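Here is a short briefing on one protein chain. Read it alongside the sequence and the coordinates.

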Amino acid sequence: MRIFASLSLAALALVSIAAVTAPAQQSATSQVALTPPMGWNSWNYFAEKVTDKNIRDSADQIVATGMKDAGYVYVNIDDTWEGKRDASGLLHTNEKFPDMKALADYVHSKGLKIGIYSGPGNKTCGGFAASLGHEEQDAKMYADWGIDYLKYDLCSFIPDVMEKQAPHDKVAQMKLMIAAYVKMGKALKATGRPIVFSLCQYGWDASWEWAPALGGNLWRTTGDISPDWDRIYTLLEQQDGLAKYAGPGHWNDPDMLEVGNGKLTVAENRAHFSMWAMLAAPLLAGNDLPDMKPEIKAILTNPDVIAIDQDTLGKQGTRAYSDGEVEVWTRHLSGGAMAVAVLAAGDSRYSTHPFHLDLAKLGLHGPQEGTDLWTGKAITLTEHMPIEIGSHDILLVRIGAPK
Ligand code: GLA
């Protein structure tokens, strides 16, 4: 994305081409991602430096830390594994990944699944070989390797095809973009292997409206995340209104987790993780697993918060109301339960003091007994109860069948 940031996202987002939406397909991927995919991806920590060893070490750690038991399954290699194509068009790996089949076998031997990365253009965002003109060949190769997940990143398709074939015509450019994703969706389906199809095109042209029909299991709704509270909060704000597009097999993706990265505080990590669970977002950790601090492990493996994310009803949470810098979100869960998140989004702790909960605005009446998912203690939410939350922190409560 970084290389192509000059293209105006806002201008493109205005273009509506619902008419070209691909016909609904029953893809081979329809049985995958029935809950938001959980796993780990190499990009947010290792970026272009990732190696075969990093992937093996991360797979080992997913098992050793209990993350696998907590539900993390996919070990995803992001950009920079790609080498050159040979005369037959077959893409080879580069020297950092000497044997992809052996790596896939290793990850599978741990009871995990493996993901890979490409894009519809000539080049990936990192400038490595991508799939333009080789879609079927690449999809078949992924299936032969035993790949379980593909992240498909728009990047050089913008200058290579969209701008070249349809200069100054945003509507035609969006049609080309969608056609490229339809093409790879079909190629994956043709392999017969269940492969999660992750669309990475930054939410252009309201991807949530057309991605499910072409077999997309998740689609980015925003530009890239970074390990910084303001950026995380910006992405969160962009999810409001998208809840109705998510459901079993097809999810909004506000980008991968930054939990444990950069200078995020423990509170910020907790709030980020909680809100991604409220959003039914894919939970793809992106931290350095061999060097994970206990407090980060505790956040990433909190079973009660993961249960919110993975709730089988698959209903994404929505913002019920905001009051100054405090936001209250709710998410309906199976069995009539509900999650309530009170987020102190702003920089000043005193902006939340005093904050009084308005239960009626959540459609709730009378005291609501529940559990504080970060302390594990019982809590009763009452009308106008004062709640004090530190800056960039969160209160996350699960209540039973609400009254
Ligand atoms: C884009 C994507 C990122 C990552 C990089 C890799 O920026 O949005 O998630 O995959 O490309 O180059």
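Tyr-72 touches Met-38, Gly-39, Ile-62, Met-67, Leu-112, Phe-273, Leu-283, Ala-285, Leu-300 and Ile-306, leaving aside residues up to four places away in sequence. The model is predicted. Its protein chain has a mean pLDDT of 92.

**Confidence**
- In the protein chain, 91% of residues reach a pLDDT of 70 or more.
- Residues 1–29 have a pLDDT below 50. Beyond near neighbours in sequence, this stretch still has 59 contacts in the model.

**Nonpolar cores**
- The largest nonpolar core holds 95 residues. Tyr-72, Trp-81, Phe-273, Trp-276 and Leu-300 have the most contacts inside it.
- Helix 8 (residues 170–191) gives the most to this core: nine residues.

**Helix 3**
- Helix 3 covers residues 52–64, 13 residues in total. At 1.5 Å a residue it should span 18 Å, and its end C-alpha atoms are 18 Å apart, so the two values agree.
- Its buried residues are Asp-52, Asn-54, Ile-55, Ser-58, Ala-59 and Ile-62.
- An α-helix has 3.6 residues a turn, so residues three or four places apart point the same way.
- The face turned away from the buried side carries the exposed residues Lys-53 and Ala-64.
- Packing partners of the buried residues are strand 1 (38–41), helix 2 (43–46), helix 4 (67–70), strand 2 (74–76) and helix 5 (100–109).
- Gly-66 follows helix 3, with a positive phi near 90°.

Technical notes. Residues numbered from 1 in each chain as written. Predicted model: local features only at pLDDT ≥ 70, side-chain atom pairs only at ≥ 80, totals over all residues. Heavy atoms only, no water. pLDDT = per-residue confidence, 0-100. Contact = heavy atoms within 4.5 Å. Helix = DSSP H or I, 4+ residues; strand = E, 2+ residues; numbered from the N terminus. Expected span 1.5 Å × (residues − 1). Buried < 20%, exposed > 50% of the residue type's maximum accessible area, 1.4 Å probe, protein only. Core = buried A, V, L, I, M, F, W, Y, C linked by side-chain atoms within 4.5 Å.
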